[in-house]
Amino acid sequence: MLMEKIQHCKELNMPFKREAYRIGPTFWGVMLPGEKSAKELIHKIEKYDSDKIHTISLEIFPYHIIIKIIGTYQVIEDDWRCTMSIGLVLEGGGTRGWYTGGVLTVLHEEGIHFSTVYGVSAGAMNALAYISGQINQNTATAYMKNMTDERYMGIRNLHKTGSFFNFDFMLKEQPHTIPFDYDTFFNSPVRLEVGTTDIETGQSVYFSKKEMDDDFTPVRASCSLPLIANIVKYKGHLLLDGGCSEPIPIERSIKDGNKKNIIVLTQDVSYHEKPGHGLSYLMLCIKYRRYPNFMRLMKNHSEIYNSEANLCMELEKEGKAIVIRPSIPVELRRYNDTEMLFKIYRMGMDDCRKKLPQIKQFTA
């Protein structure tokens with residue numbers, strides 16, 4: 001079976017970039033579109049002595065190939081280019097998340113991938129398609145058409161379920177009508193950290209891919225905006241929108257040891273968040289009066305956001321990050337205005353392409 005898979009790799013004769021990391025005595029190689037060929041990589045594997053390698057297995061997926069080697073991984077690692085200390089950080093932003101979708105489409109087309117993706121709210125939603133290898137213009141168009149479906153979101157859902165968003169439709173029905181590649185997503189070695197907010201503690205809680213269920217409940221929680229979405233109960237937590245506690249999950253990436261980061265924001269450089277209006281805060285106080293830690297968090301939300309946005313700019317000046325953000329302010333009056341959504345998506349693609357030389361040098 002292994003030799004058949006190796007032969008299949010040779011027959012593909014596709015260009016590949018190599019990324020790698022190790023866990024204990026196991027060495028994992030991820031082959032993604034880029035520089036080297038599968039044939040060359042197989043030759044490298046075949047040259048090692050049998051006493052250095054105990055097990056080799058290959059898994060073929062539509063968008064990548066995983067090579068798992070158990071043996072003297074230090075020797076094998078010398079022939080791989082390790083890029084596993086660069087994080088991909090994705091801000092939320094509701095429908096502005098289509099900008100992020102455009103950025104990720106270009107990164108995927110260019111074969112630029114990362115060890116870990118950090119996402120909150122719409123950023124977490126985009127991360128699902130990116131990791132499954134399904135982030136492209138055709139998929140984006142299909143999802144945009146669903147935005148006009150009254151089941152997607154709207155006042156009717158709010159009256160019926162208590163949530164403006166129909167997450168059952170988004171995360172249960174839609175992945176089957178627009179087939180989601182669960183196998184590629186869950187088998188991909190790319191880690192995902194989804195940020196949510198525990199309303200009892202007022203602190204952020206991150207869930208990894210291993211903690212994800214088939215309904216992507218942590219993503220549902222991460223997208224559940226206060227006042228217009230229900231509290232999500234998951235693994236002993238009461239959760240709401242991840243953007244409440246960490247709207248830009250850059251600090252989590254730094255805490256995990258990533259020395260460099262690609263950061264995708266959905267607000268332009270002129271944006272500075274102002275404190276919320278008295279009426280909206282009063283409504284929050286009424287609905288979440290049982291959660292004082294959450295209320296203190298929301299009272300300071302503008303300070304949190306501006307502080308994280310400033311940190312992103314400082315990291316970029318220090319050469320530790322590349323920030324991709326809208327070149328002009330993103331304005332959207334109607335969430336189901338598909339023409340404007342596609343313009344936002346295209347802006348993300350265009351802005352990312354302009355920075356491709358920097359990104360490629362940064363990740364080299």
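Analyst: Happy to! A word on terms to begin with: an axis here is a line fitted to C-alpha atoms, for helices over the stretch in contact, and angles run from 0 to 180 degrees between N-to-C directions. Keep in mind that this is a predicted model.

Let's start with helix α4, residues 97-109, and helix α6, residues 137-146: their axes come within 10 Å and cross at roughly 160 degrees. Angles over 145 degrees count as roughly antiparallel, so α4 is roughly antiparallel to α6. The crossing of α4 past α6 is right-handed. On the α4 side, the residues involved are Trp98, Thr105 and Glu109, and they meet Gln137, Ala140, Tyr143 and Met144 of α6. Sorted by class, this contact has 4 nonpolar, 2 polar and 1 charged residues.

Now turn to helix α15, residues 338-354. Its axis and that of α4 come within 7 Å and cross at roughly 45 degrees, which makes α4 oblique to α15. This crossing, too, is right-handed. From α4, the residues in contact include Tyr99, Gly101, Gly102, Val103, Val106 and Leu107. Among their partners in α15 are Leu341, Ile344, Tyr345, Met347, Gly348 and Met349, and Asp351, Cys352 and Arg353 also take part. By class, the contact of α4 with α15 has 11 nonpolar, 4 polar and 3 charged residues.

One last thing to look for: Trp98, Thr105 and Glu109 of α4 meet residues of α6, and Trp98, Thr105 and Glu109 are also listed in the contact with α15.

Terms used. Residues are numbered from 1 along each chain as its sequence is written. This is a predicted model: local features need pLDDT of at least 70, side-chain atom pairs count only at pLDDT 80 or more; totals for chains, interfaces and linings use all residues. Side-chain values use heavy atoms; hydrogens and water are left out. Helices (H or I, at least four residues) and strands (E, at least two) are DSSP runs, numbered from the N terminus. Angles under 35 degrees count as roughly parallel, over 145 as roughly antiparallel, 65 to 115 as roughly perpendicular and the rest as oblique. A crossing is left-handed if the near helix is turned anticlockwise from the far one by less than a right angle, and right-handed if clockwise. Contact means heavy atoms within 4.5 Å. Ala, Val, Leu, Ile, Met, Phe, Trp, Tyr, Cys and Pro count as nonpolar, Asp, Glu, Lys and Arg as charged, and the others, Gly among them, as polar.
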